[in-house]
Amino acid sequence: MKQTSSQPRLDGKIPGRIKYTFALGALGKDMIYGMIATFSMIYFTDIIKVNPVFIGVMFFIAKLWDAFNDLFMGMIVDNTRSRWGKFIPWLVIGTLVNSIIFVVLFTDFHLNGVGLCIFATAAYILWGMTYTIMDIPYWSIIPNLTSNPEEREKVSVLPRIFASIGQSLVIAGFGVQIIDALGGGTTNQAGYHRFAIIIAIVFILTIGITVINLPKKRDDSVPEKKVKFKDIFSIIGKNDQLRWAVTLIFLYNIGIQCIMGVATYYFKYVCGNAGMMSSFMISASIAEVVGLIVFPKVAKFLSRKTSFLLACLLPAFGLVMLLLVGIFAPHNVVLTSISGVIVKLGTGLELGCATVFLADVVDYGEFKLGTRNEGVVFSLQTLIVKFTAALTALGIGAALGSTQYIPGQEQSFATVASISTLMCIVPAVCMLIAYVVYRKKYKLNDGMMKKVINTISARREGKIDMTQQLDESGNTEPSMFLPTVAEKAGK
């Protein structure tokens, strides 16, 4: 069968125009996400005056709902059949609707009381649901662009670089200054509203450029099967490497979410200087981008196994260094910044590894089960990120409450110790456990992936049937997963 322009390019190279315009979409996408993650809580509590206790509970419930809502969206994406494929329609719809709700969320309608709580709840939940509409198909595109290992590493890293620039550098690093400049102070609602409009425009433009340049034709050689909700659990249950990939991402994200969730408390109450957080975040964000940039080169010369080892060891080392700095030199900005650089250099490598793991798992699913489930696979990534955010927020709150944390006051030894543990010890331990799981359970190495790609390519071209697979050298052997014709006849 003739290969169309939208078919996964099993032989390798992706045109630069597609590669870079696809990655550009992550800039606006993660600027809008970063604005919500960094400023929505303080906007609700300090600017439009929603009760903080209500916001805390509402955020937790909304994040849990949004996490499991991702599975539904993954199923919808996998079931979509259109002349533009199954990803582009949702990218367009999700981006436009989410941009409107985003601007509305940062608009002051001068509400109060119950009306204000209803508005905050509806706006926040609708924003999360509509962001999912475009986020799931965006990441699900990656395994359909290429299955060549080196190209996949490059195309997986590029959007992560743009995402880190948008979320970590622009929003987390300079967001306060931009809001202040646009509104005459960070306590002025106008700055948030104007910044939201600018971000929404950037979001629409960058995703628009992505959509215009993506291949639009469907490829009828790619196996497709209608997915029901109950099938999601079957897909997860039968794809053993998907389960282990999700476990790795879960463990690693507990660490990342702990760092992000408790960083403000750490620098204010352990280091005694809240202003150090800006130095830490800006230097760390730049290091994360560097980590993403060097990931393909590291993976090429040192293997993916070594890349993931560095992704786990570097943050652990940096966090131990940060803990020691907090104890012995808590006001040392240089050492604190160096610690942040080491931590985020490792997390940059991990972001590249995680995206490649999931893309490989999609191919492995076709190899083992005969169907591709990009939407379901990549929905699990966003589910894990949101679930761990909700889980760590609950854990941080419980830890602070149990140690008698008092806002704005000098903290007790127990509170300082719990903050330091959540910031440095828990993330380091989780990341090291993730590497142990990777070594023992994750088997999609270079040799195995060569067998996977050889097999699915031959099946699509009709050279072998679904009961056969190819070894690394291209020789035919019976499939160890799918039933043979004789077995089917005997049933």
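Modeller: Start with K443. Its relative accessibility is 36%, so K443 counts as partly exposed. Keep in mind that this is a predicted model. The side chain of K443 meets that of D240 in a salt bridge, with N to O at 4.0 Å. D240 belongs to helix 8, whereas K443 sits in the loop between helix 12 and helix 13 (446–460), so the pair ties together parts that are 203 residues apart in sequence. The two ends of this bridge sit on either side of a cut-off. Buried means under 20% relative accessible area. D240 has 15%, so D240 counts as buried. K443, at 36%, is partly exposed.

What other salt bridge does D240 form? D240 also pairs with K368, and here the closest N and O atoms are 3.1 Å apart. D240 is in helix 8 (residues 240–270) and K368 in helix 10 (residues 333–369), so this pair links parts that are 128 residues apart in sequence. Both D240 and K368 are buried.

Now the count. How many salt bridges does a search of the whole structure find? The search finds 14. Some of them join up. D78, K86, D363, E366, R372, E374 and R460 are linked in a network of salt bridges. Within that network, take K86 and D78. K86 forms a salt bridge with D78, and their closest N and O atoms are 3.8 Å apart. Is K86 buried or exposed? K86 has a relative accessible area of 8%, so K86 is buried. D78 has 2%, so D78 is buried as well.

Next, charge on the surface. K305, R439, K440 and K441 gather in a patch of positive charge. Residues in such a patch have over 30% relative accessible area and no salt bridge. Which helix gives the most to the positive patch? Helix 12 (residues 413–441) does, with three residues. K440 is found in helix 12. The relative accessible area of K440 is 66%, so K440 is exposed.

V92, I93, L96, V97 and I204 form it on the surface, with about 360 Å² of accessible area together. Helix 3 (residues 88–105) gives the most to this patch, with four residues. I93 lies in helix 3. At 40% relative accessibility, I93 is partly exposed.

Turn to the backbone. Most residues other than glycine have a negative phi. K49 has a positive phi, near 65°, and is not a glycine. The residue sits in the loop between helix 1 (16–47) and helix 2 (52–79). Its relative accessibility is 61%, so K49 counts as exposed. H110, also not a glycine, has a positive phi of about 55°. H110 is in the loop between helix 3 and helix 4 (113–140). H110 has 68% relative accessibility, so H110 is exposed.

Last, the strands. Where does N475 lie? N475 is in the loop between strand 1 (468–470) and strand 2 (476–478). At 44% relative accessibility, N475 is partly exposed. Leaving out residues up to four places away in sequence, N475 touches Q469 and L470.

M75 lies in helix 2. M75 has 14% relative accessibility, so M75 counts as buried.

Key. Residues are numbered from 1 along each chain as its sequence is written. This is a predicted model: local features need pLDDT of at least 70, side-chain atom pairs count only at pLDDT 80 or more; totals for chains, interfaces and linings use all residues. Side-chain values use heavy atoms; hydrogens and water are left out. Patches are made of residues with over 30% relative accessible area and no salt bridge: like charges are joined within 9 Å, nonpolar side chains (Val, Leu, Ile, Met, Phe, Trp, Tyr) within 5 Å. Accessible areas come from the Shrake-Rupley method with a 1.4 Å probe; for residues, only the protein chains shown count as cover. Lys and Arg count as positive and Asp and Glu as negative; His and the chain ends are not counted. The place of a charge is taken as NZ of Lys, CZ of Arg, CG of Asp or CD of Glu. Helices (H or I, at least four residues) and strands (E, at least two) are DSSP runs, numbered from the N terminus. Buried means under 20% relative accessible area, exposed over 50%, partly exposed in between (1.4 Å probe, protein chains only). Contact means heavy atoms within 4.5 Å.
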